[in-house]
Amino acid sequence: MTPPTSAGDPESAPLLSGRLSRSAARRASAGNIQPSLNFAQSCLHLGKSSPLNVLAVVVPFGILSKFLGWGDVATFWLNFIAIVPMAAWLSLATEEIALHTNETLGGLINATFGNAVELIISVMALRDGLVKVVQNSLLGSVLSNSLLVLGLCFVAGGWRHHTQEFNKTAAQTSGSLLMLAVLSLLIPASLAFVLQNDGDPIKESVLVLSHGTAVVLLIVYFLYLLFQMKTHKALFLPDPSHVAEEEHSIYSLPFSIGLLVLSTLVIAICSEGLVSSIEGLTEQWGVSQTFVGLVLLPILFIFDKIVGNAAEHASAITVSMKDKMDLALGIAIGSSMQIALLATPLLVIVGWIIGTPMTLFFEPFQTIVLFISVIIVVSLIQDGSSNWLEGAMLLAAYAIISIAFLLLPDVEMNL
């Protein structure tokens with residue numbers, strides 16, 4: 001007999017995108033930890049919360065490396081490593097704040113801060129005029145979530161459980177939204193091609209199209225949250241047989257807010273050093289900015305999520321091994337949707353505000369790769385079931401794409 005679910009039960013809540021699904025996964029795997037720790041206890045608990053915290057000792061070295069002239073390579077990697085534990089803290093603080101609120105507000109908080117690290121680093125890069133790095137890092141994040149993370153989930157869960165099933169409606173909705181995101185990149189590329197043949201000015205037209213498309217995508221994303229959290233919540237309910245114990249917040253609200261502010265400030269400082277050293281790193285190592293944006297930075301975005309039970313992707317893999325594929329799919333695909341429908345259009349608007357033109361016209365090769373990748377993902381999730389072979393296909397696709405990006409030189413787009 002299936003036990004009744006309660007309003008506070010995360011498994012009875014709808015599958016929300018990105019970090020909101022991650023909160024549900026964290027609740028599903030957590031024990032009965034009591035909240036209301038004092039400040040000293042909270043600090044001690046935080047220090048033991050993840051093995052990534054040992055990397056926090058690198059933070060002061062990363063900050064000082066830029067000012068002491070240790071070289072671009074050292075500055076890049078020290079700040080790269082320093083951001084990892086800070087990203088984990090920001091993630092944990094976001095979840096804790098959400099747990100102090102109701103379901104709707106908690107969902108909005110998680111949706112807002114779901115990709116804060118990517119946004120902070122991208123804004124710093126935009127400020128320095130590294131538009132190509134920003135575009136490639138956004139594209140790389142979508143690919144790493146939808147191919148690498150989802151592939152690992154399918155392999156880990158499928159190897160243990162043979163065939164796994166998940167909510168087909170939620171999967172098809174996610175796939176459709178990803179296809180819409182791909183459309184938003186194909187249209188500017190098509191417009192640029194037509195205008196180039198007609199001899200008309202291209203850049204201004206594509207920029208105006210990108211601004212309008214960015215606004216539309218943001219509206220669609222928030223309509224999706226409304227659809228998922230309010231009007232059609234029942235369509236996204238997971239398997240009722242997966243019932244977990246309710247989890248309460250561990251830290252107090254003031255401590256969680258302070259942790260959010262501290263981690264955000266440190267990430268912003270380290271991001272400035274990281275971004276400023278990218279050009280020097282590419283020159284000294286002989287790699288392209290395309291590779292840095294498409295492969296290295298996305299690794300940074302997901303590394304803190306691979307190790308530790310407060311991590312988005314580790315949670316996805318863990319819950320997939322527990323046969324909770326609704327949560328795993330919501331986390332992996334939800335992160336891709338947040339990047340494609342929230343972070344990308346938001347950065348186009350930020351670039352508009354700060355005077356750094358960023359369009360949705362990506363290089364043709366990257367756009368084709370994203371288009372094919374999304375088609376592969378959609379074709380594998382539309383039947384509502386998965387197995388380890390499908391996961392191996394996704395991992396193979398990611399490996400092939402990574403090799404191609406390693407060999408791809410920097411090519412200037414002519415707009």
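Leaving aside neighbours within four places in sequence, Leu-138 is in contact (heavy atoms within 4.5 Å) with Ser-122, Ile-339, Ala-343, Thr-344, Leu-347 and Met-358. The model is a predicted one, in which local features need pLDDT of at least 70 and side-chain atom pairs count only at pLDDT 80 or more, while totals for chains, interfaces and linings use all residues. Residues are numbered from 1 along each chain as its sequence is written, and side-chain values use heavy atoms, with hydrogens and water left out.

Ser-122 is 16 residues from Leu-138 in sequence, and their C-alpha atoms are 8.5 Å apart in space. Leu-138 counts as buried because its relative accessibility is 3%; buried means under 20% relative accessible area, exposed over 50% and partly exposed in between, with a 1.4 Å probe and protein chains only.

Leu-138 lies in helix 7. Helices (H or I, at least four residues) and strands (E, at least two) are DSSP runs, numbered from the N terminus. The axes of helix 7 (residues 131-161) and helix 14 (residues 325-354) come within 9 Å and cross at roughly 175°. Helix 7 is therefore roughly antiparallel to helix 14, a term for angles over 145 degrees. Axes here are lines fitted to C-alpha atoms, for helices over the stretch in contact, and angles run from 0 to 180 degrees between N-to-C directions. Among the residues making this contact are Leu-138 and Ser-141 of helix 7 and Ile-339 and Ala-343 of helix 14.

For the protein, the secondary structure comes to 16 helices and 2 strands. Buried residues make up 55% of its 415 residues.

Conventions: Angles under 35 degrees count as roughly parallel, over 145 as roughly antiparallel, 65 to 115 as roughly perpendicular and the rest as oblique.
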